[in-house]
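This is a tutorial in question and answer form.

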Amino acid sequence: MAVSIWWVRRDLRLSDNPALHAACAHGAVVPVFILDPGADGSRYHRDAEARRAFLYGGLQALDADLRRRGSRLIVRRGRPLDALRRLAAETGASALFAEEDFSPYARRRDAAVQRALPLTLTGGVAVRRPAEVQKAGGGPYTVFTPFSRAWRALRPPTEGDLLPAPAHLPSPPTELDSLPIPAPPARPALFPPGEAEARRRLERFVSDRIFAYGEGRNQLDAEGTSALSPYFRFGMLSARTAVVAALKAGRSAGSAYARQSADAWLSELIWREFYLHILYHFPDVLKTAFQPGLRRIPWRDAPDELEAWKAGRTGYPVVDAAMRQLAETGWMHNRARMIVASFLVKDLLIDWRQGEQHFMDRLVDGDPAANNGGWQWTAGTGTDAAPYFRIFNPVLQSAKFDPQGRFIRRFVPELARVPDRFIHAPWTMSPLEQRACGCVIGQDYPAPIVDREVVKARTLAAYKQSKAGHDAP
DNA sequence: TGAAATGTTGGGGCG
DNA sequence: ACGCCCCAACATTTC
């Protein structure tokens with residue numbers, strides 16, 4: 001019987017997995033995950049602790065799922081090409097299958113393997129492959145709305161397209177060595193890893209919260225989002241499964257608002273596709289601004305302010321709550337990501353790449369494509385980005401999306417007793433009021449590290465300078 | 001998937 | 001009844 005290798009990288013699931021499906025069609029399957037020290041050295045693949053823990057837990061869950069089907073996960077370490085060569089020789093495998101990934105590192109790695117071994121790359125990470133969503137005259141879209149239109153114009157995936165998990169996986173013929181799956185460091189179980197958990201979360205979301213997503217997704221203090229990003233990051237849930245569920249929810253919606261809400265969530269999934277494709281077509285976005293005119297902004301070198309931002313000590317409650325949420329949980333609400341990103345880039349005038357790197361170091365769902373896309377969007381330097389003069393006011397954002405300050409109080413305990421009317425801007429309390437609620441500014445909680453009115457002018461000037469230098473070099 | 005300043009409109013109070 | 005002012009609500013413009 002023919003043997004093939006299913007090389008697991010970031011699609012840790014058995015359901016709707018094209019690479020696994022292709023491997024099964026070929027014969028007996030050897031599932032392998034390779035611990036790749038080369039990826040650890042890459043700025044964008046170096047795994048944050050939270051991400052590493054989630055990945056290792058996910059490998060354990062995948063192994064358990066495989067064992068229930070008469071198989072197991074083989075774990076190896078080293079350069080992928082070397083490890084795969086050895087494994088192919090040990091098993092007599094005549095084909096390898098893996099999901100295509102889009103980051104420069106992944107593409108280099110896979111191209112090197114393909115030069116030496118019969119590796120077939122399949123879909124799986126995104127619903128559409130880059131070649132499927134192109135402008136009429138050829139070439140990639142760089143603006144979201146037309147991309148989204150073209151994406152939606154393609155035949156929508158249906159229930160019948162979803163590949164079932166194989167009921168039984170024929171074991172490889174020989175006994176194979178495997179490293180133990182590394183133990184995940186103990187962490188709060190905010191995101192229990194595994195395919196079953198991902199599916200449960202999706203089902204819960206599309207039966208209820210998706211219909212209020214229009215507003216719910218923006219509320220910092222409530223669970224209005226799907227909280228599925230880590231599961232998408234490691235493919236414990238296929239994007240295609242999510243799209244099918246979103247479309248189905250849209251059809252069953254009981255009101256126009258519910259239907260629009262379901263569609264808004266689908267739109268978020270399309271944003272994910274958009275940035276995956278952008279990274280594929282424009283790998284340099286990981287190094288430099290997509291917009292040539294915004295490549296020479298005079299960023300400030302302000303290590304103390306950067307550290308204050310990272311630690312959640314900027315004196316702006318919503319910013320600090322969000323940064324502490326990231327530090328404590330490895331995850332941050334999307335609205336909060338925009339607020340803290342705008343603050344770092346537009347208020348502190350610190351290079352967006354510093355923020356991008358910090359997010360990659362901390363986020364359990366950190367993905368080069370989406371993370372870079374988000375940062376360049378906020379910085380106004382990216383494809384279809386926010387205008388450079390759009391600067392979030394953290395006080396207004398906070399009042400709008402955390403009206404009672406519940407999000408703030410959860411993560412910034414020193415503000416717990418500040419009255420509602422001051423919670424978004426506690427420095428406006430009189431000294432008497434500060435003492436009354438046990439929160440003296442500058443002592444119990446920092447004074448704002450910058451005056452927003454002053455820095456806005458500074459940022460607009462810096463962006464204009466970059467543009468001017470580009471227009472007339 | 002801004003914010004703030006400025007402009008416009010229209011209802012209601014009031015002399 | 002009418003004009004005037006105030007101002008909230010909304011629209012437009014600018015960064």
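Predicted model: local features only at pLDDT ≥ 70, side-chain atom pairs only at ≥ 80, totals over all residues.

Q: Which domains does the assignment give for chain A?
A: Domain 1 covers 3–125, domain 2 covers 126–161 + 195–281, and domain 3 covers 292–471.

Q: How many residues does each side give to the contact between domain 1 and domain 2?
A: The C-alpha centres of domain 1 and domain 2 are 25 Å apart. The contact takes 17 residues from domain 1 and 14 residues from domain 2. On the domain 1 side, these residues are seven nonpolar, five polar and five charged.

Q: How do I read the packing of two helices, and what is the angle between α6 and α11?
A: In general, a packed pair is described by the angle between the helix axes and the distance between those axes. Here, α6 (residues 144–153) and α11 (residues 256–281) pack at about 105°, with axes 10 Å apart. Angles of 65 to 115 degrees count as roughly perpendicular, and α6 and α11 are therefore roughly perpendicular to each other.

Q: Which residues of α6 and α11 meet?
A: From α6 come Phe144, Phe147, Ser148 and Trp151. From α11 come Ser267, Ile270, Trp271, Glu273 and Phe274. By class, the contact of α6 with α11 has six nonpolar, two polar and one charged residues.

Q: Which residues surround DNA strand B?
A: Trp271, which also belongs to the α11 side of the helix contact, is one of the residues around DNA strand B. The surface near DNA strand B has five nonpolar, two polar and one charged residues.

Q: Which residues of helix α1 are buried, and what do they pack against?
A: The general idea is that an α-helix has 3.6 residues a turn, so residues three or four places apart point the same way. In α1 (residues 18–26), the buried residues are Pro18, Ala19, Leu20, Ala22, Ala23 and His26. They pack against the strands β1 (3–8), β2 (28–35), β4 (95–99) and β5 (119–122). Just after α1, Gly27 has a positive phi of about 145°.

Q: Where does Asp16 lie, and why does it count as buried?
A: Asp16 is in the loop between β1 and α1. Although Asp16 is not a glycine, its phi is positive, about 45°. Asp16 counts as buried because it has 23 C-beta neighbours inside 10 Å, and the cut-off is 20 or more.

Q: Where is Leu349, and what is its phi?
A: Leu349 sits in the loop between α14 (334–347) and α15 (352–362). Its phi is near 55°, positive in a residue other than glycine. Leu349 counts as buried because it has 20 C-beta neighbours inside 10 Å.

Q: Is Asp65 buried or exposed, and which residues does it contact beyond its sequence neighbours?
A: Asp65 belongs to helix α3 (residues 49–67). Asp65 is buried, because 20 other C-beta atoms lie within 10 Å. Leaving aside neighbours within four places in sequence, Asp65 is in contact with Leu14 and Glu195.

Q: Where is Ala222, and why is it partly exposed?
A: Ala222 is in the loop between α8 (213–216) and α9 (229–233). Ala222 is partly exposed because it has 17 other C-beta atoms within 10 Å. The C-alpha atoms of Ala222 and Ala136, 86 residues apart along the chain, are separated by 42 Å.

Technical notes
Residues numbered from 1 in each chain as written. Chains lettered and ligands numbered in written order. Buried ≥ 20, exposed ≤ 12 C-beta atoms within 10 Å, placed from the backbone. Helix = DSSP H or I, 4+ residues; strand = E, 2+ residues; numbered from the N terminus. Contact = placed C-beta atoms within 7 Å. Domains from an automatic or database assignment. Nonpolar A, V, L, I, M, F, W, Y, C, P; charged D, E, K, R; others polar. Near = placed C-beta within 6 Å. Axes fitted to C-alpha atoms, helices over the stretch in contact; angles between N-to-C directions. Parallel < 35°, antiparallel > 145°, perpendicular 65-115°, else oblique.
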